[in-house]
Amino acid sequence: MFTRLLLIAVTFTLPAFAADPPVRLSPDWVKGDKVEYEFTKGRERTKDGKVVLSGSTTTPVLVEVLKVGKDEVELGWTFGEVKFNDPAQAKNAQLKAMANIMKGRQIVFTLDPAGGLTGLKNFDELQKASKEIYDTLANVMKDGGATQAQVDQVMAVTKGMFAKREQAEAMWLKDPAALFFPVGEKLEEGKAKETVEELPNPLGGDPFPTKRTVELTKVDAKAGTAVIRVSVAFDEKAAEKILNQTIRDLTMRLGKEPPNADAIKGFRITDAAEYTVSTKTGWVEKAKFARTVKQGEDKQTDTQEFVRKGK
């Protein structure tokens, strides 16, 4: 259970990126603009080389431009109904309830045209909704046969993710941050840009040091699009040290060591993404990225894909 939770926790997404001198991918939007995306999330987990879990969901997402200022744009992000692509999973009422916690809810956030997301506007409203998330998760676990002790452990970790504002905002904004990855920066075609960054730890504690490589790989002047590739490598030794501290902190919080606490040893995390962005408007036309987490011979790959619907 703890291993699975840790794998789920590290699927939160990251900050912001962009394009090159003659191709600056800044948004050219006006109040009232609306863009729809089809958002597909998938997960595959293998153990000893065998697939033990595989599935995906598709969710409509509506992005609205609420305000446009000189240095900041305010956007609304509303989730539609989540649909499971596996017929068996689609019949599972508990899974559907958990997946649709955010259905109809709007995340309101701000974005700097020259550098990505800058903040969450309706933080208090969303934090109130977190109680529903806790209750739904607890009920799903109980219906699935989990003991009260297991439920209490997972609740302690989950509530910890939303305990501090910085961590909570990272969780609420993980999907918008993923889509708006390319907004703001400049890149020169064919020349990779490397940066050393720290990513928030969703379980609390020190952030994870990473090295990010961003490259503008193709510019299609006729189509008015640019293709950007991004990869992120985590500092493996530092990540293991940080996760060890996470275990110690959880032990103090729970009163006993979580099961499978040694599962963090040898953790490896890598990210890869590709974006196609309109050079005329700054809207992302499509994006696909994957996070792979390895522990020994076990591996989990989480994928996310956005495809812009009819213009």
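This is a predicted model: local features need pLDDT of at least 70, side-chain atom pairs count only at pLDDT 80 or more; totals for chains, interfaces and linings use all residues.
Residues 1–21 have pLDDT below 50. Even so, that stretch has 96 contacts in the model beyond near neighbours in sequence. For the protein chain, the mean pLDDT is 83. A value of 70 or more is reached by 85% of the residues.

**Overall layout**

The protein chain has eight helices and 12 strands. It has 311 residues, and 46% of them count as buried. Take the contacts between residues at least 6 apart in sequence: 65% of these join residues at least 24 apart.

**Strand β3 and T78**

T78 sits in strand β3. Is T78 buried or exposed? T78 has a relative accessible area of 19%, and the cut-off for buried is under 20%, so T78 counts as buried. Its side chain makes a polar contact with the side chain of Q106, at 3.5 Å. Setting aside residues up to four places away in sequence, T78 touches P60, V61, L62, E64, G104, R105 and Q106.

**Aromatic pairs**

The structure holds 14 aromatic pairs. One of them joins W77 and F306. Another joins F109 and F180. The table sets out the geometry of these two.

| Pair | Centre to centre | Angle between planes | Class |
|---|---|---|---|
| W77 and F306 | 5.8 Å | 80° | edge-to-face |
| F109 and F180 | 6.1 Å | 55° | tilted |

W77 lies in strand β3 and F306 in strand β12 (residues 298–308), so their pair ties together parts that are 229 residues apart in sequence. Both W77 and F306 are buried.

Why is the pair of F109 and F180 tilted? Stacked needs planes under 30 degrees apart and edge-to-face needs over 60, so a pair at 55° falls in the remaining class, tilted. This pair also links distant parts of the chain. F109 is in strand β5 (residues 106–112). F180 is in the loop between α7 (174–179) and β7 (193–199), 71 residues from F109. F109 is buried, with a relative accessible area of 0%. F180 is buried as well, at 1%.

Which residues form one aromatic cluster? They are Y37, F39, W77, F79, F181, Y275, F289 and F306. W77 and F306, the edge-to-face pair, are both members of this cluster.

**The loop between β6 and α4**

K121 is found in the loop between β6 (116–120) and α4 (123–143). N122 is in that loop too. Leaving aside neighbours within four places in sequence, K121 is in contact with E74, V108, F109 and T110.

N122 has 9% relative accessibility, so N122 counts as buried. A polar atom of the N122 side chain lies 3.0 Å from the backbone nitrogen of V108. With neighbours within four places left aside, the contacts of N122 are Q106, I107 and V108.

Helix α4 has 21 residues. From first C-alpha to last, α4 reaches 30 Å, close to the 30 Å expected at 1.5 Å a residue. Its buried residues are F123, L126, Q127, A129, S130, I133, Y134, T136, L137, A138 and M141. An α-helix has 3.6 residues a turn, so residues three or four places apart point the same way. What do the buried residues of α4 pack against? Their partners are α3 (93–99), β5, β6, α5 and α6 (165–172).

F123 carries a further feature: R165 lies over the face of its ring, at 4.1 Å from the ring centre. Just after α4, G145 takes a positive phi of about 100°.

Helix α5 covers residues 148–161, 14 residues in total. At 1.5 Å a residue, α5 should span 20 Å, and its end C-alpha atoms are 20 Å apart, which agrees. The buried residues of α5 are V151, Q153, V154, M155, A156, V157, T158, G160 and M161.

Key:
Residues are numbered from 1 along each chain as its sequence is written. Side-chain values use heavy atoms; hydrogens and water are left out. Helices (H or I, at least four residues) and strands (E, at least two) are DSSP runs, numbered from the N terminus. The expected span of a helix is 1.5 Å times one less than its number of residues. Buried means under 20% relative accessible area, exposed over 50%, partly exposed in between (1.4 Å probe, protein chains only). pLDDT is the predictor's confidence in each residue, from 0 to 100. Contact means heavy atoms within 4.5 Å. A polar contact is a pair of N or O atoms within 3.5 Å; within protein, one must be able to donate a hydrogen and the other to accept it, and residues adjacent in sequence count only if both atoms are side-chain atoms. Rings of Phe, Tyr and Trp (its six-membered ring) pair if their centres lie within 6.5 Å; planes under 30 degrees apart count as stacked, over 60 as edge-to-face and the rest as tilted. A charge sits over a ring if NZ of Lys or CZ of Arg is within 6 Å of the ring centre and within 35 degrees of the ring normal.
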